[in-house]
Amino acid sequence: MVILIDSGSTHNFLDEAFWKSLKLPISTQDCFEVKVANGDVLQTKGACHEVQIRLQGTLFQMDLNVFPLGGCDVVLGT
């Protein structure tokens, strides 16, 4: 799993293709629009709630918004 920590992002994101491979449940009631770097506004697919990710031995539980990222598997906002 490739994780990008993005201090400019206000939310956590999970790549749509990676989500499909993990087969995590998704809540489609939690969709919202995201403005990406080129100025386009895209819609998230929904959110996976309480996903557990272990980073350097520490377990984190977080909500991940499903979105086509392309360059990494997860983006963690700050």
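Strands are DSSP runs of E with at least two residues, helices are runs of H or I with at least four, and both are numbered from the N terminus. Within this pair, phenylalanine 13 sits opposite asparagine 65 of strand 6.

Before going further, a word on the model: it is predicted, so local features need pLDDT of at least 70 and side-chain atom pairs count only at pLDDT 80 or more, while totals for chains, interfaces and linings use all residues. Residues are numbered from 1 along each chain as its sequence is written, and side-chain values use heavy atoms, with hydrogens and water left out.

| Strands | Sense | Bridges | Facing residues |
|---|---|---|---|
| 1 and 7 | parallel | four | Leucine 4 and valine 75 |
| 2 and 7 | antiparallel | two | Leucine 14 and valine 74 |

**The whole chain.** The C-alpha atoms fill a box of roughly 35 × 25 × 20 Å along the principal axes. For 78 residues, a compact globule would have a radius of gyration near 12 Å, and the chain agrees, with 12 Å. That radius is taken over C-alpha atoms, and the globule rule is 2.2 Å times the number of residues to the power 0.38. Of the chain's contacts with a separation of 6 or more, 50% link residues 24 or more positions apart, where contact means heavy atoms within 4.5 Å.

**What's inside.** Buried residues make up 33% of the 78; buried means under 20% relative accessible area, exposed over 50%, and partly exposed in between (1.4 Å probe, protein chains only). In soluble globular proteins, nonpolar side chains tend to be buried together. A nonpolar core here is a set of buried Ala, Val, Leu, Ile, Met, Phe, Trp, Tyr and Cys residues joined through side-chain atoms within 4.5 Å. The largest one has eleven residues, among them Leu14, Trp19, Cys48, Val66 and Val74. Helix 1, strand 5, strand 6 and strand 7 each supply at least two residues of this core. A second, separate core has five residues, including Phe13, Val34, Phe67 and Cys72. Leaving aside residues up to four places away in sequence, tryptophan 19 touches Leu14, Leu24, Ile26, Cys48 and Val66.

Most residues other than glycine have a negative phi. Lysine 23, though not a glycine, has a positive phi of about 60 degrees. Lysine 23 lies in the loop between helix 1 (16-22) and strand 3 (33-35) and counts as exposed at 73% relative accessibility. Glutamine 56 also isn't a glycine, yet its phi is positive, at about 45 degrees. Glutamine 56 sits in the loop between strand 5 and strand 6 and, at 87% relative accessibility, counts as exposed.

Terms used: Pairing = 2+ DSSP bridges.
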